[in-house]
Amino acid sequence: MKNARLDQGTFLLSDKPAKTTEEGRVSWTLTACARVMRPLVKLALAFGVKHAQLEALLRDLLLDEARRAWIESKGSEPNISQLSVTTGLNRKAVTAKVREPEDPLPHTEMSAASKTLTLWMQMFADNPARRSLPIVAEDDAPSFEAVARHASRGNVHHRAVLDELVRLNMAVEHGGRVELNATAFVPAKDLKSMLAFIGDNTRDHLLAAVTNTLGAEPPLLERSVFAGGISLDDCERIHQFVRERWSELHYQLTKEMTRAYDEAEESASGRIRVGIYTYYENGASEYARELPTAPSKRSRRKA
């Protein structure tokens, strides 16, 4: 049966045998890339990015990843001809990339403000009295200074961290104390930081999916569940349900990561990012029209 819904996240699109040729694999890959890139193109257009800038970015990324692939598989730096063959770029385009592009966005995993707020939120979850802390140490009592020093391993002065959290309206300073004013590190009032989170969170989500697709063992966790043909009110209800469950999991994950961080050797280099997302929209939107048409509820009952 064509176009039959198998479960909440899977559609059987066709009963024709899938192509297994190189052309077929390239077509599938390009289609997957288009689905991934469409929201990014929407973001780029919203902030005035032009075709030439995106084209230059894609060229540089092709060369960077081709170089990494050569080093990983061959153990040596590729020459210009090898990069040209791998990427399809001519030798002039390859040689034009003479230096690494600048990366003006902060790396979110390095954010002392994010680490401090996360640790502070964990303390608050364990003891609600910790919502308000003295800025500097008073005897052995917990203080913001101590939290910031522990979270950043002493690499960032607590005053700089506090100023950043106050600027982002995640903390309120008054009378020598500071009060927690956020439930998560979401710097909505800072476009640069929000773009950094888009880049880092989406990158790692896609790296998990790509790693699995390329056959990593053991596979990384990368799952979702999908439902269509429900009301927008139910979409929002489910959205809030997920938010509540994530808050519980976030607390447990923070404790585990903090423990691992505290026990790690100075030379430890592993990193981990655990995320969750929810997206919903009206089924009549432009993005929803890209999806296959689901059978009506009546036809599904008959099937």
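Let me start with a definition: helices (H or I, at least four residues) and strands (E, at least two) are DSSP runs, numbered from the N terminus. With that, take Glu22 and Arg25. Both lie in helix 1, three residues apart, about one turn of the helix. A salt bridge here is a side-chain nitrogen of Lys or Arg within 4 Å of a carboxyl oxygen of Asp or Glu.

A word on the model. It is predicted: local features need pLDDT of at least 70, side-chain atom pairs count only at pLDDT 80 or more, and totals for chains, interfaces and linings use all residues. Residues are numbered from 1 along each chain as its sequence is written, and side-chain values use heavy atoms, with hydrogens and water left out.

Back to the charges. How many salt bridges does the structure hold? There are 16. Next, helix 9, residues 232–263. Arg237 and Asp234 both lie there, three residues apart. Their salt bridge has its closest N and O atoms 3.2 Å apart. Are these residues buried or exposed? Buried means under 20% relative accessible area, exposed over 50%, and partly exposed in between (1.4 Å probe, protein chains only). Arg237 has 52% relative accessibility, so Arg237 counts as exposed. Asp234 is partly exposed, at 32%. Salt bridges that share partners also build a network: Asp200, Arg203, Asp204, Arg271 and Arg273 are joined into one. Arg203 is partly exposed at 29%, and Asp204 is buried at 12%.

Now the aromatic rings. Rings of Phe, Tyr and Trp (its six-membered ring) pair if their centres lie within 6.5 Å; planes under 30 degrees apart count as stacked, over 60 as edge-to-face and the rest as tilted. A search of the whole structure finds two such pairs. Trp120 and Phe144 are edge-to-face, 5.7 Å centre to centre, with 70° between the planes. Trp120 lies in helix 5 (residues 112–126) and Phe144 in helix 6 (residues 144–151), so this pair ties together parts that are 24 residues apart in sequence. Trp120 and Phe144 are buried. The other pair, Phe185 and Phe197, is tilted: 5.8 Å centre to centre, 50° between the planes. Phe185 sits in the loop between strand 5 (177–180) and helix 8, and Phe197 in helix 8, 12 residues apart. Phe185 and Phe197 are buried too.

A nonpolar core is a set of buried Ala, Val, Leu, Ile, Met, Phe, Trp, Tyr and Cys residues joined through side-chain atoms within 4.5 Å. The largest one has 24 residues, and those touching the most other members include Trp120, Phe144 and Phe185. Which elements give two or more residues to this core? They are helix 5, helix 6, helix 7 (158–167) and strand 5. The largest share, seven residues, comes from helix 5.

One more contact. Arg153 lies over the face of Tyr261, 3.9 Å from the ring centre. The rule: NZ of Lys or CZ of Arg is within 6 Å of the ring centre and within 35 degrees of the ring normal.

Last point, back in helix 1. Met37 lies there. Met37 is partly exposed, with a relative accessible area of 41%.
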